[in-house]
Amino acid sequence: MVSTRCTKVRVPGGETDSGKAGKTTSILIVEDDSIYREALAKMFAKAGYAVTVAPNVQRALQLLEEQCVDMVLTDLKMPGKDGLDLVRALRNRRPGSKVII
């Protein structure tokens with residue numbers, strides 16, 4: 001089960017977990033294809049994001065237990081659970097999560 005412990009606070013210049021302005025925006029990329037996953041990770045890291053990657057929904061949910069992220073970018077079709085399963089889990093456990101499919 002994903003914890004609801006991540007809370008966001010509005011601060012000048014954006015939204016952060018800690019309330020500190022200037023925090024790097026974090027993104028979790030969930031993609032089963034390693035080539036796409038690594039390409040996306042490099043692109044977002046180069047753009048200044050703090051990037052975490054997961055090869056599947058199960059690993060993404062584990063990572064979300066351990067850390068807060070500002071945004072989730074997920075593939076739709078993956079073996080086993082898919083991107084919509086992840087969206088449902090986040091909607092139930094972390095309402096208001098920002099997700100891009």
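**Definitions applied to a predicted fold**

Analyst: L28 stands opposite V72 in β5. The model is predicted, so local features require pLDDT of at least 70 and side-chain atom pairs count only at pLDDT 80 or more, whereas totals for chains, interfaces and linings use all residues. Residues are numbered from 1 along each chain as its sequence is written, and side-chain values use heavy atoms, with hydrogens and water left out.

User: What makes up the protein in terms of helices and strands?

Analyst: The protein has 3 helices and 6 strands. From the N terminus on, these elements follow the order β-β-β-α-β-α-β-α-β. Helices (H or I, at least four residues) and strands (E, at least two) are DSSP runs, numbered from the N terminus.

User: In which sense do β5 and β6 pair, and over how many bridges?

Analyst: β5 and β6 pair over 2 bridges in the parallel sense. I100 in β6 stands opposite L73. Between these strands the chain runs through helix α3 (residues 83-93), and this β-α-β crossover is right-handed.

User: What makes β4 and β6 edge strands?

Analyst: The open sheet consists of 4 strands in the order β4-β3-β5-β6, with parallel pairing. β4 (50-54) and β6 are its edge strands, as each pairs on one side only.

User: How do you know whether β3 is mostly covered or mostly open?

Analyst: Buried means under 20% relative accessible area, exposed over 50%, and partly exposed in between (1.4 Å probe, protein chains only). By this rule 5 of the 5 residues of β3 are buried, and the strand is mostly covered. S26, L28 and V30 lie on one side, with I27 and I29 on the other, and both faces are covered. In a regular strand the side chains alternate between the two faces of the sheet. Strand β5 (residues 71-74) has M71 and L73 pointing one way and V72 and T74 the other, and all are buried. Across the protein, 33% of the 101 residues count as buried.

User: What makes up the largest nonpolar core?

Analyst: Such a core is a set of buried Ala, Val, Leu, Ile, Met, Phe, Trp, Tyr and Cys residues joined through side-chain atoms within 4.5 Å. The largest has 14 residues, and L28, V30, A54, A60, V72 and L86 have the most contacts inside it. β3, α2 (57-66) and α3 each give two or more residues to this core. α2 gives the most, with 5 residues.

User: Why is the contact between R88 and D85 called a salt bridge?

Analyst: The term requires a side-chain nitrogen of Lys or Arg within 4 Å of a carboxyl oxygen of Asp or Glu. R88 and D85 are 3.0 Å apart, N to O, so the contact qualifies. The two residues are 3 apart in helix α3 and are therefore separated by about one helical turn. R88, at 40%, and D85, at 29%, both count as partly exposed.

User: What is the distance between E38 and R37, and is each buried or partly exposed?

Analyst: The closest N and O atoms of E38 and R37 are 3.9 Å apart, and the pair forms a salt bridge. R37 has a relative accessible area of 12%, so R37 is buried. E38 has 38% relative accessibility and is therefore partly exposed. The whole structure holds 2 salt bridges.

Methods: Two strands pair if DSSP finds at least two bridges between them. A crossover is right-handed if, with the strands pointing away from the viewer, the path from the first strand over the helix to the second runs clockwise.
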